[in-house]
Amino acid sequence: MHRLAESLYSVSLTLWVGGMWVIGYFVTPTLFAAVADRQLAGMLAGKLFILMGWVGIGCAVYMLLFMLFSMGWAVFKRWRFWAVFVMLLLTQIALFGIQPLMVQLKADAFPRDVMESLLHDRFAMWHGIASVLYLAQSLLGFALVLGAGRNVK
């Protein structure tokens, strides 16, 4: 049973970090390059980031519980635990804090594109903050993936 749980840990890490990289660094730029309507591209990208946020929360909860049950209180001395915890925290900040704010700014700018409205500066600022948080998550995920070849403990 422990082998299955450890395999699910690896699958969770792969799904979460791989999904983040694919959506953030391949799909989203492709959407903006291929779709002529920037509002539509932004809406689709936003929905994908929301979906990935929920995937991340599910994967993080499993990974944290797996590490806690596998290692007990010693887990709090492990960098992997804290990396996953910080990634989860950043995911929640983006999903429940920044994302709704950006959606509201878009709605307030409608029918204009938010980037062509008076709300451009506020939207650009929050988009920049979200991008920095996403990059931090991506780098933490990179560190986790590099360390995945070793034992989870």
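These legends accompany a set of close-up views of a predicted model.

**View 1**
Welcome to the predicted model, in which the protein chain holds 4 helices and 0 strands. Followed along the sequence, the pattern reads α-α-α-α. Along the principal axes, the C-alpha atoms occupy a box of roughly 55 × 30 × 20 Å. The chain has 153 residues, and 37% of them are buried. Of the contacts between residues at least 6 apart in sequence, 74% join residues at least 24 apart.

**View 1. Helices H2 and H3, side by side.**
Here we look at H2 (residues 38–71) and its partner H3, which pack at an angle of about 155° with axes 9 Å apart. An angle over 145° counts as roughly antiparallel, and H2 is therefore roughly antiparallel to H3. The crossing of H2 with H3 is left-handed. On the H2 side, the residues that meet H3 include Gly-42, Met-43, Gly-46, Ile-50, Gly-53 and Trp-54. Further along H2, Ile-57, Ala-60, Met-63, Leu-64 and Met-67 are also among them. H3 contributes residues including Arg-80, Phe-81, Val-84, Phe-85 and Leu-88, and also Gln-99 and Lys-106. Sorted by class, the contact of H2 with H3 has 14 nonpolar, 6 polar and 2 charged residues.

**View 2. Ile-50 in the contact of H2 with H3.**
This view picks out Ile-50, which lies in helix H2 and is one of the residues of H2 that meet H3. Is Ile-50 buried or partly exposed? Its relative accessible area is 31%, so Ile-50 is partly exposed. Setting aside neighbours within four places in sequence, Ile-50 is in contact with Leu-95 and Gln-99. Leu-95 and Gln-99 both belong to the H3 side of the contact.

**View 3. Gln-92, seen from the H3 side.**
Next comes Gln-92, a residue of helix H3 and one of those that H3 brings to its contact with H2. With 32% relative accessibility, Gln-92 is classed as partly exposed. Which residues does Gln-92 touch, not counting those up to four places away in sequence? They are Ile-57 and Gly-97. Ile-57 comes from the H2 side of the contact. The view can also take in His-127, which is 35 residues from Gln-92 in sequence and 16 Å from it in space, C-alpha to C-alpha.

**View 4. Helices H3 and H4.**
H3 (residues 79–109) also packs with H4 (residues 120–147), at an angle of about 160° and with axes 9 Å apart. H3 and H4 are therefore roughly antiparallel to each other. The crossing of H3 and H4 is left-handed. The residues of this contact comprise 20 nonpolar, 5 polar and 3 charged.

**View 5. Helices H1 and H4.**
In this view, H1 and H4 pack at an angle of about 140°, and their axes are 10 Å apart. Roughly antiparallel needs an angle over 145°, and H1 is therefore described as oblique to H4. H1 passes H4 in a left-handed crossing. From H1, the contact draws on Leu-13, Trp-16, Val-17, Met-20, Trp-21, Gly-24 and Tyr-25. From H4 come Tyr-134, Leu-135, Gln-137, Ser-138, Gly-141, Phe-142, Leu-144 and Val-145. The contact of H1 with H4 counts 11 nonpolar and 4 polar residues, and no charged ones.

Ser-12 has 10% relative accessibility and so counts as buried. Beyond residues up to four places away in sequence, Ser-12 touches Cys-59, Tyr-62 and Met-63. Met-63 is also one of the H2 residues that meet H3. Thr-28 is buried too, with a relative accessible area of 11%. What is in contact with Thr-28, leaving aside neighbours within four places in sequence? Thr-28 is in contact with Ile-23, Ala-45 and Phe-49.

Key. Residues numbered from 1 in each chain as written. Predicted model: local features only at pLDDT ≥ 70, side-chain atom pairs only at ≥ 80, totals over all residues. Heavy atoms only, no water. Axes fitted to C-alpha atoms, helices over the stretch in contact; angles between N-to-C directions. Helix = DSSP H or I, 4+ residues; strand = E, 2+ residues; numbered from the N terminus. Parallel < 35°, antiparallel > 145°, perpendicular 65-115°, else oblique. Left-handed = near helix turned anticlockwise from the far one by under 90°. Nonpolar A, V, L, I, M, F, W, Y, C, P; charged D, E, K, R; others polar. Buried < 20%, exposed > 50% of the residue type's maximum accessible area, 1.4 Å probe, protein only. Contact = heavy atoms within 4.5 Å.
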